[in-house]
Amino acid sequence: MASRRDVSFYRDLLHKPVVDCDGRPIGALLDLSTDQFNPTPGRSYVRKLVVRPRRFGRQAAANGNGTGKPLVVPWELVASLEPHSIRLRQSGQDLGPATLDGNEVLLHKHILDQQIVDCRGSKLQRVNDITMALSDGTLCLWGM
C-alpha cells in the first residue's frame with residue numbers, strides 16, 4: 001500500500017509548471033487524460049498531460065506552438081513529479097506532436113465539479129478532487 005507521500009491529489013498538480021529534462025519551462029499543467037473508466041479497481045491511470053505552453057520565449061516557437069494551443073504529452077515522457085514541477089525525460093525542442101484519442105476522458109474538463117449519480121439515479125455530491133498514486137512509474141487513479 002502507498003504511503004501518504006506517494007498519494008497525490010489532482011488539484012495539487014493542476015497548473016504546476018512542466019519543465020524539460022534540462023529544467024527549462026515548457027508550460028503549466030491544464031489537464032490529465034485517461035481512458036474511459038474501467039469498473040475494475042486499480043485499472044485506470046493517466047495516459048497524457050495537457051499542457052498550456054509558455055506564452056513567450058523560444059520554447060513555443062521551437063515546438064511550432066506559438067499560437068498558445070495546448071501541448072499533449074504522453075505520460076511515458078514524464079520523468080518525475082517533483083514538489084514544484086513536473087519534469088519530462090526529454091528536451092522541449094524534441095517534443096513531437098501528440099493528440100488525444102477520441103475515447104480519452106479529461107479529468108478537469110469531464111470529471112471535476114461534476115455531479116455524481118448512483119446506479120439508481122440518486123444525486124450524491126460533486127467531485128471536488130481525485131486521489132492518485134504513483135505505481136511503477138504510472139500515475140494510477142484511486143478515487144474521487
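Entry 1, the strand β3. I looked up how covered strand β3, residues 25-35, is in this predicted model, and I found that eight of its eleven residues are buried, so that I noted the strand as mostly covered by the definition of burial used here.

Entry 2, partners of β3. I then asked which strands pair with β3, and began with β2, residues 17-19, which is joined to β3 in the antiparallel sense over three bridges. Within this pairing I noted that Val19 has Pro25 of β3 as its bridge partner. Between the two strands of this hairpin there are five residues, and I recorded that Gly23 takes a positive phi near 85° there.

I went on to β4, residues 48-53, which pairs with β3 over six bridges, again in the antiparallel sense; in this pairing Ala28 has Arg52 of β4 as its bridge partner. A further entry went to β8, residues 104-106, which runs antiparallel to β3 and is joined to it by three bridges, with Leu106 of β8 as the bridge partner of Ser33.

Is Lys16 buried or exposed? I found Lys16 in the loop between α1 (10-13) and β2, and I noted that Lys16 is buried yet has no salt bridge. The nearest side chain of opposite charge is that of Asp12, which is 7.6 Å away; a salt bridge would need the charged atoms within 4 Å.

What I did find for its side chain is a polar atom that lies 3.0 Å from the backbone oxygen of Glu82. Leaving aside residues up to four places away in sequence, I listed the residues that Lys16 touches: Gly27, Ala28 and Leu29, and also Glu82, Pro83, His84, Ser85 and Ile86. Ala28, in this list, is also the residue whose bridge partner in β4 is Arg52.

Among the contacts with a separation of 6 or more, 56% come from residues 24 or more positions apart.

Over residues 1-5 the pLDDT stays under 50, and the model has four contacts beyond four places in sequence for them. Residues 58-62 also have pLDDT below 50, and I recorded ten contacts beyond near neighbours in sequence for this stretch in the model.

Conventions
Residues are numbered from 1 along each chain as its sequence is written. This is a predicted model: local features need pLDDT of at least 70, side-chain atom pairs count only at pLDDT 80 or more; totals for chains, interfaces and linings use all residues. Side-chain values use heavy atoms; hydrogens and water are left out. pLDDT is the predictor's confidence in each residue, from 0 to 100. Contact means heavy atoms within 4.5 Å. Buried means under 20% relative accessible area, exposed over 50%, partly exposed in between (1.4 Å probe, protein chains only). Helices (H or I, at least four residues) and strands (E, at least two) are DSSP runs, numbered from the N terminus. Two strands pair if DSSP finds at least two bridges between them. Lys and Arg count as positive and Asp and Glu as negative; His and the chain ends are not counted. A polar contact is a pair of N or O atoms within 3.5 Å; within protein, one must be able to donate a hydrogen and the other to accept it, and residues adjacent in sequence count only if both atoms are side-chain atoms.
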